Amino acid sequence: MISPLRHCLRLTCLFDSSFSSAFYCSSSLASAGIDCPEKRCVDDSTPRSDIDLLLEKVRVGGSHDEVLQSLSQDAVCNSVQLSHDLVAGLLHRFRDDWRSALGVFKWASSRSGYEHSSESYDTMVDILGKLKQMDQMRVFLDDMKRCHVVTLSTIGKVMRRFAGAGQWEEAVRIFDELGSFGLEKNTESMNLLLDTLCKERKVEQARAVFLELKSHVPPNANTFNIFINGWCRLNRVDEAYWTIQEMKGYGCRPCIISYSTLVLFHCRQNQFDKVYELFDEMVKQGCPPNVVTYTTVMSSLAKLERFGEAIEVARKMDSTGCKPDVLFYNSLIHSLGRAGKVKEAIEVFEVEMRNNGISPNTSTYNTMIAMFCHQGQEQKALNLLKAMERLKLCKPDVQTYFPLLKSCFKTGKVGTSLSTLLDDMAIKHHLSLDASAYTLLIHGLCRANRCEWAYRLFEEMIAKDMTPRYRTCLLLWKELEQQLMYESAQKVAAYMEKL
């Protein structure tokens, strides 16, 4: 049975065509004159996954309709058995390239017998909103509305993206339209709107919404925790403490979230005497600090490079009998590593976590890899990455590669080593560079006198609707001028004028 939205997507052309670019790949390296030996390319005789086969057909620089046509007209692509996991992987791969993502989405919609999951719809909405394609996101939402596939999760993503784009009034308007989506205005949906506004520092607007709704939508403890967090974000801690009293008036008891939010505020203000006073207050109120509270304090101390004190907080937690979790261990490993206690960090990673039955996650590996790179032990970092791939407890992300990429520039291995890492990201793990990764690479390549490669990355960044920082453009322009690449330099200069 063909889903209703598939008909909608077939009948309507939602978006204008414009150029896009796929992630920097082996062919791009070769065309840039960068070392990328052919023997490193995937051999035709080597079995490839379905996702690899599909990615090869996504035309670089094409519109979403061109991507759709490229996939639809290919017999191999149309022989691939679609699954929700496969489509989710493709959308994740193009989370920073909305045109390719939309083309893949529409192609999957056109396949007989396949219906998108609600998660795929929400992912597509989120991609459009993340890349500030607000008009297109709204049109896509309207089509979802006509086809009755909008959920509260969808609405939450739409409201957050509108608020994040500075259009908070539009977020409120979406909430007002809940009935037209077949959804209710209740405590859950109200809290979703309040949380969206507060996280965008629109606490007073959220307060006005709450006062209007409270007579027919009852608040709960989460409602007040949202406001406590919002006031703390605005550094208006007096209002946050006042909200603690207000929630008691509504019969809601302050909980660990309420107090931990205040703890985080005082940590950010470097007011650790207040933090320890709150610890005592929490115990008196029968709501003692939990692992999240301790982790918050430990991480905050580590950011201030007060690693010894951070480790002491970990010991204090242990003395209370509070059980650690993976986030706690990630923070502890970071603190130990930055304190120069590498052996202790390895002991925690290899022994203590295992003894407590806690498996490392991606952030754990990222922390360990960053620690080894910080200590100049790049090979140990690479070995750990290989172990991560072999054990398959979790998958690498872009942050996994950040310290490794930095190490390439630090050690001067800007060639095969860097190409290998980038190829592994794109081909082995289907990772797409984000704005921070592009910035790191462009800066590093400029300083390594590889301006042509840096310029190609700059072009790809723009093609993906990412906005380079002004200082990135300035650095690239200066380097291109010095290398007498005047045409490219003029294009960068023209782009800088628009910033």
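Tutor: Let's start with a word pair: buried means under 20% relative accessible area and exposed over 50%, with partly exposed in between (1.4 Å probe, protein chains only).

Student: Okay. And what kind of model is this?

Tutor: This is a predicted model, where local features need pLDDT of at least 70, side-chain atom pairs count only at pLDDT 80 or more, and totals for chains, interfaces and linings use all residues. Residues are numbered from 1 along each chain as its sequence is written, and side-chain values use heavy atoms, leaving out hydrogens and water.

Student: Got it. So is H148 buried or exposed?

Tutor: H148 counts as exposed, because its relative accessibility is 72%.

Student: Where does H148 sit?

Tutor: Look at the loop between helix 9 (134–146) and helix 10. Helices here are DSSP runs (H or I, at least four residues), numbered from the N terminus.

Student: And what about the phi of H148?

Tutor: Phi of H148 is positive, near 60 degrees, and this residue is not a glycine. N235 is another non-glycine with a positive phi, about 60 degrees. You'll find N235 in the loop between helix 14 and helix 15.

Student: Let's go back to helix 10. How does helix 10 lie against helix 11?

Tutor: The axes of helix 10 (residues 152–164) and helix 11 (residues 168–176) come within 7 Å and cross at roughly 160 degrees. Therefore helix 10 is roughly antiparallel to helix 11. (Axes are lines fitted to C-alpha atoms over the stretch in contact, with angles from 0 to 180 degrees between N-to-C directions; under 35 degrees is roughly parallel, over 145 roughly antiparallel, 65 to 115 roughly perpendicular, the rest oblique.)

Student: Which residues make that contact?

Tutor: From helix 10 you have I155, V158, M159, F162 and A163, and from helix 11 come W168, E170, A171, I174 and F175. Contact means heavy atoms within 4.5 Å.

Student: How does helix 8 pack with helix 10?

Tutor: Helix 8 (residues 118–130) packs with helix 10 at an angle of about 5 degrees, and their axes are 9 Å apart. That angle is why helix 8 is roughly parallel to helix 10.

Student: Who meets whom there?

Tutor: On the helix 8 side, D122, V125, D126, G129 and K130 meet S153, T154, K157, V158 and R161 of helix 10. Notice V158: that residue of helix 10 is also in the contact with helix 11.

Student: Nice. New topic: which residues of helix 15 are buried?

Tutor: Those are V237, A240, T243, I244, E246 and M247.

Student: What covers them?

Tutor: The cover includes helix 13 (203–213), helix 14 (221–233) and helix 16 (256–268).

Student: What about Y294, where is that?

Tutor: Y294 is found in helix 18. Y294 counts as buried because its relative accessibility is 4%.

Student: So what does Y294 touch?

Tutor: If you skip its neighbours within four places in sequence, Y294 is in contact with F279, P289, V313, K316, M317 and T320. As for S260, it lies 34 residues from Y294 along the chain, and their C-alpha atoms are separated by 9.1 Å.

Student: And S300, buried or exposed?

Tutor: S300 has a relative accessible area of 12%, so it is buried. You'll find S300 in helix 18 (residues 291–303). Beyond its neighbours within four places in sequence, S300 is in contact with C267 and F272.

Notes
Helix = DSSP H or I, 4+ residues; strand = E, 2+ residues; numbered from the N terminus.
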